[in-house]
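Subject: Structure handover

Hello,

The structure I said I would pass on is below. My notes on it follow.

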Amino acid sequence: MNIVGEKVLLRAIEYTDKDVLLNLINDPNVESMVMGWSFPVSSDQQAKWLERINEDKNTLRVIIEAEHTAIGTAVLSNIDYKNGSAEIHIKMLLEKYGNKGYGTDTIKTLLKYAFSELRLHSIYALVCEHNDISRRLFANCGFVCEGTMRERLFKNGGYVNVMMYSIINQA
Ligand SMILES: CC(C)(COP(=O)(O)OP(=O)(O)OC[C@H]1O[C@@H](n2cnc3c(N)ncnc32)[C@H](O)[C@@H]1OP(=O)(O)O)[C@@H](O)C(=O)NCCC(=O)NCCS
């Protein structure tokens, strides 16, 4: 089932999304803001990764679609059905689609799905302290900062703090 927001549609990843995913994984601006890192990824490696991702009931990966275009990805990972928790991630093609409210709508839409359909209880996000946009994004969506993990990542030539945000389902 596609997940429908006010501005975005969240749908399954198709093989034809390979180039968007490749742009996102290889974009230095995006990598400087997210928890993960990778060596440069080739088109062939991306294609093989696409063949591997499926059937994992503890990870929900979606393409963010807006303006009839794939503009990014969002993920619920570490879905723990007993404790009702999961981690949320998002990354978008910033130059063309950033700062238009698509990130906010994606997080709100995925939260609604996680709480109402998957019946999860708490969702958390790990955010680099220097990622002001993401901190605003999660705060605007109702997340609360629980604390700071000191110098947890090495980014852009130095160790950076990571902030833990979470939101509890109040329904
Ligand atoms: C984080 C991200 C998903 C936000 O998506 P987005 O669609 O640009 O966000 P929105 O348009 O919904 O805006 C969210 C908030 O950030 C602000 N914002 C967005 N882009 C901004 C920019 N370039 N400069 C200043 N503020 C910006 C918005 O004004 C809004 O805050 P406000 O409502 O309090 O004014 C996007 O920037 C991204 O993909 N970044 C790279 C990957 C990343 O950091 N992922 C998150 C890891 S935790």
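Helices (H or I, at least four residues) and strands (E, at least two) are DSSP runs, numbered from the N terminus. This is a predicted model, in which local features need pLDDT of at least 70, side-chain atom pairs count only at pLDDT 80 or more, and totals for chains, interfaces and linings use all residues. Residues are numbered from 1 along each chain as its sequence is written, and side-chain values use heavy atoms, with hydrogens and water left out.

Ligand site

A residue is near a molecule or strand if one of its heavy atoms lies within 4 Å of it. There are 21 residues around the ligand, and those that come nearest are Ile90, Gly101, Gly103, Thr104 and Asn131. Four elements each supply at least two residues of this shell: strand E5 (85-92), helix H5 (102-116), strand E6 (122-128) and helix H6 (132-140). H6 gives the most, with five residues.

For residue classes, Ala, Val, Leu, Ile, Met, Phe, Trp, Tyr, Cys and Pro count as nonpolar, Asp, Glu, Lys and Arg as charged, and the others, Gly among them, as polar. On that basis the shell around the ligand has 10 nonpolar, eight polar and three charged residues.

- Asn131: an N or O atom in its side chain is 2.7 Å from an oxygen atom of the ligand.
- Asn99: a polar backbone atom is 2.8 Å from an oxygen atom of the ligand.
- Asn140: an N or O atom in its side chain is 3.1 Å from an oxygen atom of the ligand.

Taken alone the ligand exposes 920 Å², and the protein buries 76% of that. Accessible areas come from the Shrake-Rupley method with a 1.4 Å probe; for residues, only the protein chains shown count as cover.

Cysteines

With a disulfide taken as a pair of cysteine sulfur atoms within 2.5 Å, the structure holds zero disulfides. Cys128 is in no disulfide, and the nearest cysteine sulfur, that of Cys145, is 13 Å away. That separation is too far for a bond. For the terms that follow, buried means under 20% relative accessible area, exposed over 50%, and partly exposed in between (1.4 Å probe, protein chains only). Cys128 is buried at 1%, whereas Cys145 is partly exposed at 34%.

Aromatic pairs

Rings of Phe, Tyr and Trp (its six-membered ring) pair if their centres lie within 6.5 Å; planes under 30 degrees apart count as stacked, over 60 as edge-to-face and the rest as tilted. The count by this rule is three aromatic pairs. Phe138 and Phe143 have ring centres 4.9 Å apart and planes at 70 degrees, so the pair is edge-to-face. Phe138 is buried at 3%, and Phe143 is buried at 5%. Phe154 and Tyr159 are also paired edge-to-face, at 4.9 Å centre to centre with 75 degrees between the planes. Phe154 is exposed at 53%, and Tyr159 is exposed at 56%.

Other positions

Trp37 lies in the loop between helix H2 (28-31) and helix H3 (43-52) and is exposed at 61%. Its C-alpha atom is 9.2 Å from that of Lys155, 118 residues apart along the chain. Gly158 is found in strand E8 (residues 158-168) and is partly exposed at 21%. Gly158 and Val62 are 96 residues apart in sequence and 32 Å apart in space, C-alpha to C-alpha.

Regards

Definitions and conventions: A polar contact is a pair of N or O atoms within 3.5 Å; within protein, one must be able to donate a hydrogen and the other to accept it, and residues adjacent in sequence count only if both atoms are side-chain atoms.
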